[in-house]
Amino acid sequence: MRFSFIFSILLIFLSCGSQERINNPEEFKQRIAENHQAKNVIFLIGDGMGLSQISAAIYNNSNQYSLERFSDLGLHKPHSSDKLITDSAAGATAFACGIKTYNGAIGVNQDTLPVKTILEEAVDKNLKTGLVATSTIVHATPASFIAHNKYRKNYEEIAEDFLITQADIFIGGGKKYFDRRESDNRNLVNELKKAGYSVNDYFNHSIENIKSIPDKKMAFFTADDDPIPAMQGRDYLLPAAKLSIDHLNQNNENGFFLMIEGSQIDWGGHANNAEYVLEEMKDFDNVIHYVLDWAQENGETLVIVTADHETGGLAIQPDSKMDSLNIAFTSTYHTGVIIPVFAYGPSSKNFRGIYENTDIYQKIRAAYGWE
Ligand code: MG
Ligand code: ZN
């Protein structure tokens with residue numbers, strides 16, 4: 001009798017103890033990390049952002065950049081199926097579909113057949129999904145996560161795929177491919193509204209004033225065609241990231257997949273314009289910083305930052321000084337250097353090492369715990 005009394009006191013004590021542990025957020029985070037499970041994935045792509053762009057961004061910013069907060073780093077090999085030097089379509093399709101394909105391919109394999117993307121898989125599994133870019137939303141990088149097309153410049157066809165796979169939020173330029181189409185008279189903005197989207201654009205609203213509408217899907221067009229460069233005043237990427245995370249995380253049991261692209265780091269490289277590259281890197285830095293703060297607080301989110309390839313063969317010249325760089329370029333196209341991958345959160349350790357760009361797709365699936 002006395003023994004069982006002591007035993008039950010002991011049981012109560014033990015159960016209180018374990019209850020306490022579960023409620024401790026630090027240990028909860030730790031547990032998730034050990035289980036290699038992420039509820040959410042935020043995938044940040046700096047198009048054209050090689051190590052030299054990152055170095056230049058650090059040295060142009062008094063020796064600091066948000067990427068220094070990551071402790072798990074790897075390198076990926078960006079070559080495509082038909083070229084050693086990839087383009088952004090094959091590069092993003094490798095991340096989105098886990099396949100090496102030809103330059104110009106959007107979510108299709110070497111035989112131009114559609115391959116299911118990680119975003120589409122997330123939709124199937126009732127996760128919420130989002131795409132944000134500082135290019136048009138039909139441009140190669142965002143398109144490869146939601147569309148299937150044999151050629152990256154079929155922008156009007158790619159726009160149609162936004163009605164077939166319906167992301168919960170998408171933000172980017174390229175409104176004209178939806179509502180002033182040359183190939184047909186369809187008005188895809190109206191079709192999106194009929195499909196339950198709240199559609200807004202930069203003509204009528206500043207994105208800072210847009211609030212998440214929890215029960216609706218949301219689209220925001222930031223430009224008719226390509227958005228302007230950051231150095232000309234484009235400043236929507238951070239508020240777009242905030243709105244997307246807010247929208248995707250609300251009342252969400254199942255988690256989300258969000259891709260955010262700093263699209264124009266690449267365009268600065270093609271233009272061999274150092275100021276263009278550095279201003280785009282600053283813009284992207286603000287977003288990485290915000291996302292890391294959010295993920296740290298959230299504890300269930302895997303954050304990955306990488307690039308599809310390097311652009312411009314950027315070199316920091318010998319006469320450069322801290323905050324006063326002399327930058328040269330060796331190409332107006334992409335180069336073949338291997339690309340850094342930064343990971344934070346549950347499963348981040350899996351991103352260490354050197355691997356193919358296609359492995360990032362596998363590593364994201366593994367982080368979600370998908371079979
Ligand atoms: Mg891109
Ligand atoms: Zn490019």
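Trainee: Where does Ser144 lie, and is Ser144 buried or exposed?
Mentor: In this predicted model, Ser144 lies in helix α6. With a relative accessibility of 0%, Ser144 counts as buried, because the cut-off for that word is under 20%.

Trainee: Which residues does Ser144 touch, once residues up to four places away in sequence are not counted?
Mentor: Ser144 touches Ala89, Ala92, Thr93 and Ala96, and also Ala105, Ile106, Gly107 and Thr117.

Trainee: Helix α6 interests me now. Which residues coordinate the magnesium ion (ligand 1)?
Mentor: The magnesium ion (ligand 1) is coordinated by Asp47 through OD, by Thr141 through OG1 and by Glu261 through OE, at 2.0 to 2.2 Å. Along the chain, these donors follow the spacing D-x93-T-x119-E. Thr141 sits in helix α6 (residues 140-146) and Glu261 in strand β7 (residues 256-262), 120 residues apart, and this pair links distant parts of the chain.

Trainee: How should I read the accessibility of Thr141 and of Glu261: buried or exposed?
Mentor: Thr141 has a relative accessible area of 1% and is therefore buried. Glu261 is likewise buried, with a relative accessible area of 1%.

Trainee: What is used to describe two packed helices?
Mentor: Two packed helices are described by the angle between their axes together with the distance between those axes. Here, helix α4 (residues 88-97) packs with helix α13 (residues 358-368) at an angle of about 25°, and their axes are 6 Å apart. Because angles under 35 degrees count as roughly parallel, α4 is roughly parallel to α13. The crossing of α4 and α13 is right-handed.

Trainee: Which residues make that contact of α4 and α13?
Mentor: On the side of α4 there are Ala94, Phe95, Ala96 and Cys97, while α13 brings Thr358, Ile360 and Tyr361. Sorted by class, the residues of the contact of α4 with α13 are six nonpolar, one polar and no charged.

Trainee: How do helix α10 and helix α12 cross?
Mentor: The axes of helix α10 (residues 237-249) and helix α12 (residues 274-298) come within 9 Å and cross at roughly 25°, so α10 and α12 are roughly parallel to each other. The crossing in which α10 passes α12 is right-handed. Among the residues making this contact are Leu237, Leu238, Ala241 and Ile245 of α10, along with Phe284, Val287, Tyr290 and Trp294 of α12. By class, the contact of α10 with α12 holds nine nonpolar, three polar and two charged residues.

Trainee: At what angle does helix α3 cross α12?
Mentor: The axes of helix α3 (residues 51-59) and α12 cross at roughly 80° and come within 10 Å. Because 65 to 115 degrees counts as roughly perpendicular, α3 is roughly perpendicular to α12. Gln53, Ile54, Ala56 and Ala57 of α3 meet Val277, Leu278 and Met281 of α12. The contact of α3 with α12 has six nonpolar, one polar and no charged residues.

Trainee: Lastly, where does Gln250 lie, and what is Gln250 in contact with?
Mentor: Gln250 lies in the loop between α10 and β7. At 23% relative accessibility, Gln250 counts as partly exposed. Leaving aside neighbours within four places in sequence, Gln250 is in contact with Lys128, Ser212 and Pro214. The C-alpha atoms of Gln250 and Pro214 are separated by 6.8 Å, although these residues are 36 residues apart along the chain.

Conventions. Residues numbered from 1 in each chain as written. Chains lettered and ligands numbered in written order. Predicted model: local features only at pLDDT ≥ 70, side-chain atom pairs only at ≥ 80, totals over all residues. Heavy atoms only, no water. Axes fitted to C-alpha atoms, helices over the stretch in contact; angles between N-to-C directions. Helix = DSSP H or I, 4+ residues; strand = E, 2+ residues; numbered from the N terminus. Parallel < 35°, antiparallel > 145°, perpendicular 65-115°, else oblique. Left-handed = near helix turned anticlockwise from the far one by under 90°. Contact = heavy atoms within 4.5 Å. Nonpolar A, V, L, I, M, F, W, Y, C, P; charged D, E, K, R; others polar. Donors = N, O, S within 2.8 Å, 3.2 Å for Na, K, Ca; no water. Buried < 20%, exposed > 50% of the residue type's maximum accessible area, 1.4 Å probe, protein only.
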